[in-house]
Amino acid sequence: MTDDALADRFEQERFRLRGVALRMLGSISDADDAVQETWLRLSRVDVTAIENLSGWLTTVIGRVCLDLLRSRTSRREEPLAAEFEAADDPEHEALLAASVGPALLVVLELLAPAERLAFVLHDLFGVPFDEIAAVVGRTPAAARQLASRARRRVQGASPVGGGQNRQREIVAAFLAASRDGDLDSLVALLDPEVVLRGDAATVAMGGVAAEARGVDAVVQRFAGGAKAARMALLDGAPGLVWMHRGETRVVFDFTVVDGRILAIDLLGDAETLAALEIELLPVRPA
């Protein structure tokens with residue numbers, strides 16, 4: 001393929017790639033930078049070795065965006081709403097009109113980077129999980145779990161007053177109330193429609209059903225328990241882990257909506273646990 005032909009082929013993909021980057025990064029300028037970096041990487045490889053150029057470009061733009069998201073610390077994303085007001089050329093207006101909108105972008109900001117990427121690529125662009133797995137460095141099953149967890153958090157999540165810090169406070173309060181057997185506090189933390197789910201591995205361990213619904217069922221399961229659990233970040237999202245002899249055996253994956261716990265997923269499958277990025281948080285003095 002000649003250089004001109006390659007450039008033309010990339011231009012055919014540019015709008016889609018910018019759409020992926022915009023949904024991931026929440027900023028037109030950052031999205032344009034990510035697209036430019038993708039072009040630079042394409043210009044440095046042997047194109048004849050690429051069987052599916054569209055899929056290759058999706059993988060690269062995903063990895064570029066993932067790196068950018070993980071590198072962000074104190075800097076917040078630029079408010080996309082302002083870019084809606086500032087956009088004054090037809091191409092920008094078309095791109096923004098095709099985007100998910102500022103409200104959902106705020107909700108997406110609450111997701112951990114890997115969750116956000118899996119959700120955006122699969123739910124918004126229909127990328128299969130085996131391709132997403134290559135982007136995030138996980139198995140297809142783990143990529144599916146990332147997208148599923150992100151989907152639960154997006155559905156019904158309030159874009160106002162949320163965030164990782166608030167979820168961390170809620171999970172910490174849940175752990176404290178569970179250990180102390182504080183029924184009133186547990187009830188206050190749970191959504192009336194809360195659901196507790198266990199995967200096949202945790203069900204096989206005993207003590208948990210595949211699914212239990214309602215505040216009473218969850219309170220009965222956790223009141224006075226969780227004494228061996230620890231706070232942790234699961235792919236960047238606050239959760240709990242239960243360890244045995246220094247090995248993580250079960251993770252508690254929380255879905256928090258409007259300040260209350262809507263779902264708790266207990267995951268003990270070895271492949272799922274191996275795919276998770278688990279960061280234990282310091283134990284606070286009693």
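## Tour of the aromatic pairs

Select W39 to start: its relative accessibility is 23%, so W39 counts as partly exposed. The cut-offs explain the label, because partly exposed covers the range between under 20% (buried) and over 50% (exposed). Keep in mind that this is a predicted model.

How many aromatic pairs are there? The count comes to 4. W39 belongs to one of them, and its partner is F10. Now colour helix 1 (residues 3–25) and helix 2 (residues 28–43). F10 sits in helix 1 and W39 in helix 2, so the pair links distant parts of the chain, 29 residues apart.

Is F10 buried or exposed? Its relative accessible area is 2%, so F10 is buried.

Move on to F222 and F252. Their ring centres lie 6.1 Å apart with 55° between the planes, so this pair is tilted. An angle of 55° is neither under 30 degrees (stacked) nor over 60 (edge-to-face), which means that tilted is the remaining class. Where do the two residues sit? F222 is in helix 13 (residues 215–222), while F252 is in strand 5 (residues 247–257). They are 30 residues apart, and this pair also links distant parts of the chain. Both F222 and F252 are buried.

Ring pairs join F174, F222, F252 and F254 into a cluster.

Last stop: select R221. R221 lies over the face of F222, at 5.3 Å from the ring centre.

Conventions. Residues numbered from 1 in each chain as written. Predicted model: local features only at pLDDT ≥ 70, side-chain atom pairs only at ≥ 80, totals over all residues. Heavy atoms only, no water. Phe/Tyr/Trp six-rings, centres within 6.5 Å; stacked < 30°, edge-to-face > 60°. Helix = DSSP H or I, 4+ residues; strand = E, 2+ residues; numbered from the N terminus. Buried < 20%, exposed > 50% of the residue type's maximum accessible area, 1.4 Å probe, protein only. Lys NZ or Arg CZ within 6 Å of the ring centre and 35° of its normal.
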